Amino acid sequence: MKYQSQKIALAYFAVAMALFAIQVSFGLLGGFVYMAPNFLSELLPFNIIRMLHSNALIVWLILGFMGSAYYIIPEESESEIYSPKIAYGQLILLVVGTLGAVVTYVFNIAEGNFLFGLKGREFLEQPLWVKLGIVVAALAFLYNITMTVLKGRKTAISNVLLLGLWGLAIFFLFGFYVPDNLALDKMYWWYVVHLWVEGVWELIMASILAFLLLKLTGVDREVVEKWVYVIVSLSLFSGILGTGHHYYWIGTPGYWTWIGSIFSSLEVIPFFAMVLFSFTMVWKGGRDHPNKAAVLWALGCSVLAFFGAGVWGFLHTLHGVNYYTHGTQVTAAHGHLAFFGAYVSVNLAMITYISPYLFKREPYNQVLNMVSFWIMASSMAFMTFVLTFAGVVQTHLQRVNGEDFMAVQDQLHLFYVMRFGAGSVFVLGALIFMYSIFVPRKELISTEAQAAE
Amino acid sequence: MQTKSAARNIFYGGSLFFLIIFFGLTAQSHNFIVNKSTDSAGITDKVRLGKKVWEDKACVNCHTIMGEGAYFAPELGNVAIRRGDKDDPKAFNEFLAEWMKAMPTKAEGRRQMPQFNLSDEEVDGLAEFFKWVGKIKTTDNWPPNEAG
């Protein structure tokens, strides 16, 4: 850690990890309700559990991105963060907003109220006052980061990261537009959801990965930065029109079936490029970095994202397939591995890399950290397989044979039991990860190699 | 250095190009939705109220509507067709009112839907909203069958 203000990242990641714990807890609870549907059904209905699960995920990922930016930007710009006060202030604002949203969901406060009630559009359920708070916090964040970049060195990594973060904020604004016409509502809703996760978030992910690989492998900056531009070009060239794969069946014109199928098939390519990028850099770099766990997470991230977002996305993206699989457990399978592989893993890679510097220590407990990687990666892979099988069976029974939804769900019970098992193991892995980061005791493997920041 | 700046220019130029095409196509789609695939004139106050109920109760976090949402409970985009009666347009409104009153079933081992305590007006609005959604003209008439 060369700059004092990089310490801001610690506060962001601490809150992010607390929300990660909340996210997986409610995920586990939701998985349990799938097995035992009467559990808590009147106290905490499934829709509330799911909102907490998905909202906690989104907020902690964004906090992780912001924390990453507060760590990366000073080093890239070779200058302190413009205003640490703004940085902590906007974090407090986001924490207040998050707590506000949680209380609103759980206790159903101000239902139906324009300003204070929840807004039941998937993932954008936050009450209006929370959304406005998020916009204020995002503007403060962007101002802070942009000013830092402007006064210092400009690199490809900070350019792409900044562009991704600006995109995140700009596309969020479409969440305020709620037409009465449901088809229009859906079309613009995807401006937020798709252009985030299959658009600008990939810019953020690629730049964080590039920063990590630059530091971990010692490969020349020129090489890394050229890769970054190639990867993010592939992401946006495929991802922007790839939005079309959400415009198949919602009342939008038929040409989207072709545009969506072609361009979203190409969305595999940037993820494959990230695999090539990370492995080539580690191979060519030849630097024996002491933080082995961070290298594992960086490599693992690109591989899991390739399978989760790339392969599992392609699996059901062609419109002929999607006609039958749309809105089944196949989507749930893809969603879980994609989010874990791409965005959870990149954040965990970043925390793993920066925590020794933030805590001023050697990368303690990295064996445990690596164990947690394999536990989380394998349990999430298992969950993905189980839900994929469930989805295939559901597709056949419900979409081909036309059997009743609930009757089909009863036949999927075994899959849901296995999913709960996989989820339990995943939660264990997440707890081990947090323990290895926050409760360091002693080093378990030798770190003779020189640490290099 | 030359190639990096070339890569950067391709990135900015290309992204802008695809973004412009995307905005153009969605503008055309916007028109298509308003004028062709949906019944814009049919968005009455009842339909609006129904959509508000749908959102206020966070229905989408159990159900799907046109395939989007949670996968815990049945698809509702076509529920008015599945549970309605072509010859009696009010039949679905009556069905939905009875259904909402009967929740939760408390049946052991069955997924539970909460009691939302909807007013008569709200249930009626919700029914009209579902009927309106059911009439959206989707490509290839998705969903494949009445099961949704």
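A: Start with a pair of charged residues: A:D288 and A:K292 form a salt bridge, with the closest N and O atoms 3.2 Å apart. The term means a side-chain nitrogen of Lys or Arg within 4 Å of a carboxyl oxygen of Asp or Glu. This is a predicted model, in which local features need pLDDT of at least 70 and side-chain atom pairs count only at pLDDT 80 or more, while totals for chains, interfaces and linings use all residues. Residues are numbered from 1 along each chain as its sequence is written, chains are lettered from A and ligands numbered from 1 in the order in which they are written, and side-chain values use heavy atoms, with hydrogens and water left out.

Q: Are A:D288 and A:K292 buried or partly exposed?
A: Buried means under 20% relative accessible area, exposed over 50%, and partly exposed in between (1.4 Å probe, protein chains only). A:D288 is partly exposed at 48%, and A:K292 is partly exposed at 31%.

Q: Which parts of the chain does the salt bridge between A:E122 and A:R50 tie together?
A: The closest N and O atoms of A:E122 and A:R50 are 2.8 Å apart. A:E122 lies in the loop between α3 and α4 of chain A and A:R50 in helix α2 (residues 46–77), so the pair ties together parts 72 residues apart in sequence. Helices here are DSSP runs (H or I, at least four residues), numbered from the N terminus. A:E122 is buried at 7% relative accessible area, and A:R50 is buried at 15%.

Q: What does a nonpolar surface patch consist of here?
A: Patch residues have over 30% relative accessible area and no salt bridge, and nonpolar side chains (Val, Leu, Ile, Met, Phe, Trp, Tyr) are joined within 5 Å. A:F114, A:L115, A:F116, A:L132, A:L173 and A:F176 form such a patch, with about 560 Å² of accessible area together (Shrake-Rupley method, 1.4 Å probe, only the protein chains shown counting as cover). A:L115 is partly exposed at 32%.

Q: How do helices α1 and α12 of chain A pack?
A: Axes are lines fitted to C-alpha atoms over the stretch in contact, and angles run from 0 to 180 degrees between N-to-C directions. Helix α1 (residues 8–35) and helix α12 (residues 329–358) of chain A pack at about 150°, with axes 11 Å apart. α1(A) and α12(A) are therefore roughly antiparallel (over 145 degrees).

Note on methods
Patch = residues over 30% accessible without salt bridge, like charges linked within 9 Å, V, L, I, M, F, W, Y side chains within 5 Å. Helix = DSSP H or I, 4+ residues; strand = E, 2+ residues; numbered from the N terminus. Parallel < 35°, antiparallel > 145°, perpendicular 65-115°, else oblique.
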